[in-house]
Structures are given as C-alpha cells and as structure tokens.
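Colleague: Can you walk me through this one? Keep it short, please.
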Amino acid sequence: MGHPNVKVKPSTGTVIDHSSTTSTPVAQLGTQIIMPANESRTYLVVQNIDDTTMHISFASPALVSNSIRLEAGGSVTFNNSWVPSQAVILRCSSSGKFFVAKEGI
C-alpha cells in the first residue's frame, strides 16, 4: 500500500538554453552541433518549432538513416534514468529554421 509519510524530493538543477536557428542547409553538409558533449547532463529536450523536418543524432553526423526525425512541431525528451551525454547534432534542409534545445545539469 505504500508509505504515505515518505516524500521524494524531485531532482533540481540548472537549465542551459541552446535554442537557435539552423545554419548551413544539408545540401552544403548541413549538420551542426547544437549541444556539446556533457557528462553532467540530466535532462535533454529538442523541439522543432518551425515548418521543416529536422533530424538529430548523438556524437555522429545526423543522417536520415541514423537519426531521430522531428517533424514540424515534434520534439524528443530524455530525462529520468538515462540521458545521452554525447554532443547533440542537428540536420535540416534549410537554414534559418527555429528549434528549441535545452539541457539540465
């Protein structure tokens, strides 16, 4: 039945904002590191807030065949028991497209 008098303190920390716009389009090798590797990362969210599909991967170039696809308005979040610590790499076919990227430490 549980222990009603036990309270779990949620983990807290600092949020680092890496939100920006895409740089070089894919036709010109358009992948960009949007977050450097960080062994202290405890939370990670990337959201595509523009109208063009984006892809993200970790530690290696974001190719369509090896990455997480983010449609317009789509997002990916890592928290809780496992968060990637490698660099986060973004791919987009157009420059100047907006994304939100935040990590917790």
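**Strands, core and rings**

Modeller: Let's start with Tyr43, which lies in strand 4. Strands are DSSP runs of E, at least two residues, numbered from the N terminus. This is a predicted model: local features need pLDDT of at least 70, side-chain atom pairs count only at pLDDT 80 or more, and totals for chains, interfaces and linings use all residues. Residues are numbered from 1 along each chain as its sequence is written, and side-chain values use heavy atoms, leaving out hydrogens and water.

Colleague: Is Tyr43 buried, exposed or partly exposed?

Modeller: Partly exposed, with a relative accessible area of 29%. Buried means under 20%, exposed over 50%, and partly exposed is in between (1.4 Å probe, protein chains only).

Colleague: What is Tyr43 in contact with?

Modeller: Leaving aside neighbours within four places in sequence, the contacts of Tyr43 include Thr77, Phe78 and Lys102. Contact means heavy atoms within 4.5 Å. The C-alpha atoms of Tyr43 and Phe78 are separated by 5.8 Å, though the two are 35 residues apart along the chain.

Colleague: Phe78, then. Which rings pair up with it?

Modeller: Phe58 is one partner. The ring centres of Phe58 and Phe78 are 5.6 Å apart and their planes are at 85°, so the pair is edge-to-face. Rings of Phe, Tyr and Trp (its six-membered ring) pair if their centres lie within 6.5 Å; planes under 30 degrees apart are stacked, over 60 edge-to-face, and the rest tilted. Phe58 is in strand 5 and Phe78 in strand 7, so this pair ties together parts 20 residues apart in sequence. Phe78 also pairs with Trp82: centres 5.7 Å apart, planes at 75°, so edge-to-face.

Colleague: How many aromatic pairs are there in the whole structure?

Modeller: A search finds 2. Phe58, Phe78 and Trp82 form one aromatic cluster. Phe78 counts as buried, at 16% relative accessibility. Trp82 counts as exposed, at 54%.

Colleague: Which strands pair with it?

Modeller: Strand 3 (residues 31–35) pairs with strand 8 in the antiparallel sense over 4 bridges. Two strands pair if DSSP finds at least two bridges between them.

Colleague: And what about the largest nonpolar core?

Modeller: That core has 16 residues; Leu44 and Val88 are among those with the most contacts inside it. A nonpolar core is a set of buried Ala, Val, Leu, Ile, Met, Phe, Trp, Tyr and Cys residues joined through side-chain atoms within 4.5 Å.
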